[in-house]
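Visitor: Could you walk me through how to read the features of this model?
Guide: Gladly; let us look at it together.

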Amino acid sequence: RLEAAGAGAEAIAREEQAGFDAWLARVYGRCAAGTLNAFEHNLAVWRQLWRVVVDADVVALLADARNPLYHVPPSLVDHFEHNIAVW
């Protein structure tokens with residue numbers, strides 16, 4: 001992680017933006033931009049989510065029961081399964 005390496009805030013922001021842009025390009029390759037909700041296009045939302053997840057002891061994910069697979073991000077579940085040792 002850049003924070004551990006002592007990188008400055010500007011370097012961290014650039015790295016996050018580059019990673020987000022690459023991820024968004026992959027998403028746009030699979031889905032039309034108009035079919036995604038507004039939060040999926042917003043780096044600030046993802047930054048807040050991942051920072052909370054990294055610092056949290058407990059994370060509750062609420063999903064619309066009418067279509068839970070649409071509202072549960074597979075990348076978040078994958079992150080928990082592979083990077084968090086609480087499953």
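Guide: Let us begin with packing: the buried residues of α4 pack against α2. Contact here means heavy atoms within 4.5 Å, and buried means under 20% relative accessible area, with exposed over 50% and partly exposed in between (1.4 Å probe, protein chains only). Please keep in mind that this is a predicted model, in which local features need pLDDT of at least 70, side-chain atom pairs count only at pLDDT 80 or more, and totals for chains, interfaces and linings use all residues. Residues are numbered from 1 along each chain as its sequence is written, and side-chain values use heavy atoms, with hydrogens and water left out.

Visitor: How many helices and strands are there in the chain?
Guide: Helices (H or I, at least four residues) and strands (E, at least two) are DSSP runs, numbered from the N terminus. This chain has four helices and zero strands, so from the N terminus on the order is simply α-α-α-α. Of its 87 residues, 13% are buried.

Visitor: Which residues of helix α4 are buried?
Guide: In α4, residues 74-83, they are L76, H79 and F80. They cover an arc of only 95° around the axis, which puts them on the same side of α4; the arc is that of the directions from the helix axis to the C-beta atoms. The face turned away from that buried side carries the exposed residues P74 and H82.

Visitor: And what are the buried residues of α2?
Guide: L43, W46 and V53 are the buried residues of α2. Their arc around the axis is only 95°, which places them on the same side of α2. On the other side of α2, Q48, V52 and D55 are exposed. The cover over the buried residues of α2 includes α1 and α4.

Visitor: What span does α2 reach from its first C-alpha to its last?
Guide: The expected span of a helix is 1.5 Å times one less than its number of residues. With 13 residues, α2 reaches 18 Å, close to the 18 Å expected. At the start of α2, a side-chain oxygen of N42 comes to within 2.9 Å of the backbone nitrogen of A44. For reference, a polar contact is a pair of N or O atoms within 3.5 Å; within protein, one must be able to donate a hydrogen and the other to accept it, and residues adjacent in sequence count only if both atoms are side-chain atoms.

Visitor: How many salt bridges does the structure hold?
Guide: Side chains of opposite charge can pair when their charged atoms come close. A salt bridge is a side-chain nitrogen of Lys or Arg within 4 Å of a carboxyl oxygen of Asp or Glu. The structure holds four of them. One joins E16 and R47, whose closest N and O atoms are 2.5 Å apart. E16 lies in helix α1 (residues 9-30) and R47 in helix α2 (residues 43-55), so this pair ties together parts that are 31 residues apart in sequence.

Visitor: Which residues are linked with E16 in a network of salt bridges?
Guide: R47 and R51 are linked with E16 in that network. R51 meets E16 at 2.9 Å, N to O. Because R51 lies in α2 and E16 in α1, the pair ties together parts that are 35 residues apart in sequence. E16 is partly exposed at 24% relative accessibility, and R51 is partly exposed at 44%.

Visitor: Which residue forms a salt bridge with D64?
Guide: R66 does, with the closest N and O atoms 2.5 Å apart. D64 is partly exposed at 26% relative accessibility, whereas R66 is exposed at 75%.
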